[in-house]
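Student: I have a new structure to look at. Can you show me how to read it, feature by feature?

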Amino acid sequence: MRYDTVVVGSGTGGYPGAIYLAQKGLKVAVVEEHLIGGECTNYGCVPSKAFYQVAEAIRSIEKIGGEASVKWENLVEWVSQVVRESREGIKGLFESHGIDVIEGRAILKTQREIVISAGEEKRRIEAGKILLALGTDPSPIPGVSFDSEGIISNREALYMREKPGEVLIIGGGVIGVELANILSSFKVGVTVVELMDHILPTMDRDVAQALKTHLSSRGVKIYEKTTVKSMTKTGGKYLAELSNGLKLEVDKVLIATGRKPRTREAGLVENNIALDQKGFIKINERQETSIPGIYASGDVVGGPLLAHKAILESISAARWMSGEEGFHIDYSSIPSTIFTGLEIASIGYTEKELTSRGVKYVKVRIPAYYLSAVKIKGGKQSFIKVLLDERQEKILGVHIVAPNASEVISAYIPLYLGKIGFGDISRIPYPHLTVSESLRDFAEYLLGNPVHLLKK
């Protein structure tokens, strides 16, 4: 069978491009080894945000001294149902656009031929052009391997049939802190161990410290500059000895220390597709690999491992593949979001990055707890930090630590992109009560006539 284009992987790096190509009248096949929708739909964005929704409802009730109980098995089943519906939605899109879905593991035989293995069955297909959206897998740590029972990754963490009593999370990055917030909301004892100086090591210390205070108030124990020295299993429990001398007995050990690209044994090296030192696929500005006609998108090309970044890359690649003019992606303008009750969202550069680049900047930081919306939702550590150039004309970075920051950052994106100025913002009637109205207050503050903030 010959196709105009073959997309390997049906996650956010694959399915948008496949749909775009089919809309252009091309004959398209999608090859998927596991589940339609990839990491985001099945193990990441969708199930974690479903859990998060319930966790936040519990937190709201507890703020007023109330009590809430959830049957764990019912929760897991509901989350699973949400995931199934999302997966079926993508399948429906494929069917509506006449896209063939082929189950199995894809291996490049040649630069235009793919062998697909499903059990003992093998089939070959030809492709005019190929989009590689292979994704990533959870990465283990030296001396501690996944066993799918007690030593788990994010993939198992959101489908545990029984609620654990105590969990050790190794890694205080985005996945680690999000799961710490979720699990602690359901009265699971959580300990987070982070190797670096502070959790969220790629972010500025003030951002990390605000979240650390929030998580600690939820009962999460956090140990920074700490490693796991040894791990033993005894009687269904796991005994971990930490580098600080502490010994923990836990039901589950969740490893959240990073991701590795799924580029091994895929026929990439054999077909001269260039990889970087970590195994991610190298691409040019057209999303094309070192081999003409073979493109790549999503987590497998590295950069920020974010679904919204993958979607843009997938569509951009599809445009180039269809013979149209694609678009170049400004990776500094891709916002990052962390869903932890006291949410974190940012766009642009951190203070760390600007300092390391030798860029001089002006920092303007305002507390956000003055907003009634923040008082209601909770978050005394909330603040908004904007980094500007020396002339205070260009935005270099925006960092929001507040409830609903994941939504609020969208209001700040046009400001960061230079599509709107502070004068315009000060006259926009942002809805009240919201956290987004902080943008107007921030503009008034910088213009020198703040209403809700004191001048400094």
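Tutor: We will take the domains, then a pocket, then the strands, then some backbone details. Keep in mind that this is a predicted model.

Student: Into which domains is the chain divided?

Tutor: There are three entries to note: domain 1 (2–137 + 260–332), domain 2 (151–257) and domain 3 (342–447). Domain 1 is written as two segments, 2–137 and 260–332.

Student: How far apart do the C-alpha centres of domain 1 and domain 3 lie?

Tutor: Those centres are 32 Å apart. In the contact, domain 1 supplies 4 residues and domain 3 supplies 8 residues.

Student: What is the area buried between domain 1 and domain 3?

Tutor: The general idea comes first. An interface's size is often expressed as the accessible area lost when the parts come together. Here the buried area between domain 1 and domain 3 is about 460 Å². Carbon and sulfur atoms give 27% of that area.

Student: Now the pocket. How does one find empty space?

Tutor: A probe the size of a water molecule is rolled over the atoms, and this shows where empty space is left. In this model, the second largest pocket has a volume of about 400 Å³.

Student: Which residues lie nearest the centre of the second largest pocket?

Tutor: Look for Tyr52, Glu56, Glu343, Lys377 and Asn404. They belong to a lining of 17 residues. Helix 3 (45–63), helix 10 (372–377) and helix 11 (405–416) are the elements that each give two or more residues to this lining.

Student: Which element gives the most to the lining of the second largest pocket?

Tutor: Helix 3 does, with 8 residues. By residue class, the lining of this pocket holds 5 nonpolar, 5 polar and 7 charged residues.

Student: Why does the second largest pocket lie between domain 1 and domain 3?

Tutor: Both domains give residues to its lining, so the pocket lies between domain 1 and domain 3.

Student: Which way do side chains point along a strand?

Tutor: In a regular strand they alternate between the two faces of the sheet. Keep that in mind as you follow strand 6 (residues 121–132).

Student: What does strand 6 pair with?

Tutor: Strand 1 (residues 2–8) runs parallel to strand 6, with 6 bridges. Tyr3 stands opposite Ala127 there. Strand 5 (residues 113–118) pairs with strand 6 in the antiparallel sense, also over 6 bridges. In that pairing, Val115 faces Arg124. Strand 17 (residues 294–296) runs parallel to strand 6, joined by 3 bridges. Leu132 stands opposite Ala296 in strand 17.

Student: Which residue takes a positive phi in the hairpin of strand 5 and strand 6?

Tutor: Gly119, with phi near 70 degrees. The hairpin has 2 residues between the strands. Gln287 also has a positive phi, about 65 degrees, although it is not a glycine. Find Gln287 in the loop between strand 16 (259–261) and strand 17.

Student: Where is a cis peptide bond?

Tutor: It joins His432 and Leu433, with omega about 5 degrees. Leu433 sits in the loop between helix 12 (422–425) and helix 13 (438–447).

Terms used
Residues numbered from 1 in each chain as written. Predicted model: local features only at pLDDT ≥ 70, side-chain atom pairs only at ≥ 80, totals over all residues. Heavy atoms only, no water. 1 Å grid on protein atoms, 1.4 Å probe; cavity = no way out; pocket = protein on both sides within 12 Å on 5 of 7 lines; lining within 4 Å. Points joined across faces, edges and corners; volume = space filled by probe spheres on them. Helix = DSSP H or I, 4+ residues; strand = E, 2+ residues; numbered from the N terminus. Nonpolar A, V, L, I, M, F, W, Y, C, P; charged D, E, K, R; others polar. Domains from an automatic or database assignment. Contact = heavy atoms within 4.5 Å. Buried area = accessible area lost by both parts, 1.4 Å probe. Pairing = 2+ DSSP bridges.
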